[in-house]
Amino acid sequence: MGCGHGGRYKKIYLFCTSHVPTMHPIVAAKMIATIDDISKGRIGLNTVVGWFPKEMGMFGGSRLEHDQGYRYSTEWLEVVLKLWSEQYFDHKGEFFEINDGFSEPKPVQNPRPVLISAGTSPAGRDYAARFCDFNFGYIESIEQGAKWTETVKKLAWEEYKREINTFTTSFVVCRPTEKEAKDYYNYYVREQGDWEAATIITEMFGMHASSHSSDYLSKAKEKFLGGWGGWPLVGTPEQVAEGLIELSKTGVSGSLVTFVDYLQEMPYFNENVLPLLEQAGLRNPVEKDSKKAENKNSEVSTESKTFINA
């Protein structure tokens, strides 16, 4: 992946996810620091409280009560942050007791790797505002996306004097004509979609008890069949680009994009949608001269306008 040899993968930034109840913070901190060293500063961490009961059971545990889970995650991450920045510290909390804690090597990134959290409940947003660089979440509507971003940014600044961004996920069905795109969406979602699996997934996510609106929940199954609950971008290259431009106007910093068939659909997206996003100022132009690219620093500029992460 991003740690491959040669010049092809010098700018990809990798994220891994840890269900924090399944791994001790000392182990996680050492693993991330090691990957950070190998990748020359291109690893980020997404922390998950542990919502998936079957996975918790596989590790011999059970799902923590919601607010207790965030207390656990808070202490877990506090220990990780100390391991990344301090030497020989003691910690005694509600869940962990550590004597002479230390970890080497420290992360390459300064002050630490990028942190993401996808909590949308009040406790989840507070956790993200306190610690994370991005709050990841689903978009229900353009209006909700703008409100979500505004709320999270305000919370982070007023409570913790921190800046935070938001990130979402989208699925793309892009074809030369709108009819072709909608016909394919209808085929793989409505005609061939596994609705029984979609029901299991939405129930497994506990979406009936989440902070999403009732209108969103009524459409959740179809969105999961379309692209794991993401924001739909179905249409011509111009329509898909306009959809992403509308997303950016909410203040959301970026979107992961998914496809049914990456090998067939990504080249068309890259050739026909990305140039439109460059024209709109949402993407920096791709470096065409490979020799110049090789001579540049492999780090991604913090000023780079990168709205899409495929």
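Me: Asp 183 to begin with. Buried, partly exposed or exposed?
Reply: Asp 183 counts as partly exposed, at 41% relative accessibility. Keep in mind that this is a predicted model.

Me: Which helix is Asp 183 in?
Reply: Asp 183 is placed in helix H6, which covers residues 178-191.

Me: And how far apart are the C-alpha atoms of Asp 183 and Gly 235?
Reply: They are separated by 10.0 Å, while along the chain the two residues are 52 apart.

Me: OK, step back. How many helices and strands in the protein chain?
Reply: Twelve helices and ten strands. The chain has 310 residues, and buried ones make up 41% of them.

Me: What share of the contacts comes from residues 24 or more positions apart?
Reply: Taking contacts with a separation of 6 or more, 69% are between residues 24 or more positions apart.

Me: Helix packing next. At what angle do H1 and H3 cross?
Reply: Roughly 45°, with the axes coming within 9 Å. H1 is residues 25-38 and H3 is residues 66-85.

Me: Which residues make the contact?
Reply: H1 contributes Pro 25, Ile 26, Ala 28, Ala 29, Ile 32 and Ala 33. From H3 there are Trp 76, Val 79, Val 80, Leu 83 and Trp 84. By class, the H1 and H3 contact has eleven nonpolar residues, no polar and no charged ones.

Me: What about H3 and H4, what angle there?
Reply: The axes of H3 and H4 (residues 122-131) cross at roughly 15° and come within 10 Å. That angle makes H3 roughly parallel to H4, and the crossing is right-handed.

Me: Which residues of H3 and H4 meet?
Reply: On the H3 side, His 66, Asp 67, Tyr 70, Ser 73, Thr 74, Leu 77, Glu 78 and Leu 81. On the H4 side, Ala 123, Gly 124, Tyr 127, Arg 130 and Phe 131. The H3 and H4 contact has six nonpolar, four polar and three charged residues.

Me: Leu 77 is in that list. Buried or exposed?
Reply: Leu 77 is buried, with a relative accessible area of 0%. Leu 77 lies in helix H3.

Me: What does Leu 77 touch?
Reply: Leu 115, Tyr 127 and Phe 131, leaving out residues up to four places away in sequence. Also, the C-alpha atoms of Leu 77 and Pro 25 are separated by 7.2 Å, with the two residues 52 apart along the chain.

Me: Backbone now. What is the peptide bond from Glu 104 to Pro 105?
Reply: That bond is cis, with omega near 0°. Pro 105 lies in the loop between strand E4 (97-101) and strand E5 (115-117).

Me: And from Asn 110 to Pro 111? What is that bond?
Reply: The bond from Asn 110 to Pro 111 is cis, with omega near 10°. Pro 111 is found in the loop between E4 and E5.

Me: What is phi of Asp 100?
Reply: Near 50°, which is a positive value in a residue other than glycine. Asp 100 lies in strand E4.

Me: Lys 161, what is its phi?
Reply: Phi of Lys 161 is near 50°, again positive in a residue other than glycine. Lys 161 lies in the loop between helix H5 (142-160) and strand E7 (165-174). With 56% relative accessibility, Lys 161 counts as exposed.

Me: Over to E7, then. Thr 169, buried or exposed?
Reply: Thr 169 counts as buried, at 8% relative accessibility. Its place is in strand E7.

Me: Which residues is Thr 169 in contact with?
Reply: Ignoring neighbours within four places in sequence, Thr 169 is in contact with Phe 136, Gly 137, Tyr 138, Gly 230, Trp 231, Ser 255 and Leu 256.

Me: Last topic. How many disulfides in the whole structure?
Reply: The search finds zero. As for cysteines, Cys 132 is buried at a relative accessible area of 0%, and Cys 174 is buried at 6%.

Technical notes: Residues are numbered from 1 along each chain as its sequence is written. This is a predicted model: local features need pLDDT of at least 70, side-chain atom pairs count only at pLDDT 80 or more; totals for chains, interfaces and linings use all residues. Side-chain values use heavy atoms; hydrogens and water are left out. Axes are lines fitted to C-alpha atoms, for helices over the stretch in contact, and angles run from 0 to 180 degrees between N-to-C directions. Helices (H or I, at least four residues) and strands (E, at least two) are DSSP runs, numbered from the N terminus. Contact means heavy atoms within 4.5 Å. Ala, Val, Leu, Ile, Met, Phe, Trp, Tyr, Cys and Pro count as nonpolar, Asp, Glu, Lys and Arg as charged, and the others, Gly among them, as polar. A disulfide is a pair of cysteine sulfur atoms within 2.5 Å. Buried means under 20% relative accessible area, exposed over 50%, partly exposed in between (1.4 Å probe, protein chains only). Angles under 35 degrees count as roughly parallel, over 145 as roughly antiparallel, 65 to 115 as roughly perpendicular and the rest as oblique. A crossing is left-handed if the near helix is turned anticlockwise from the far one by less than a right angle, and right-handed if clockwise.
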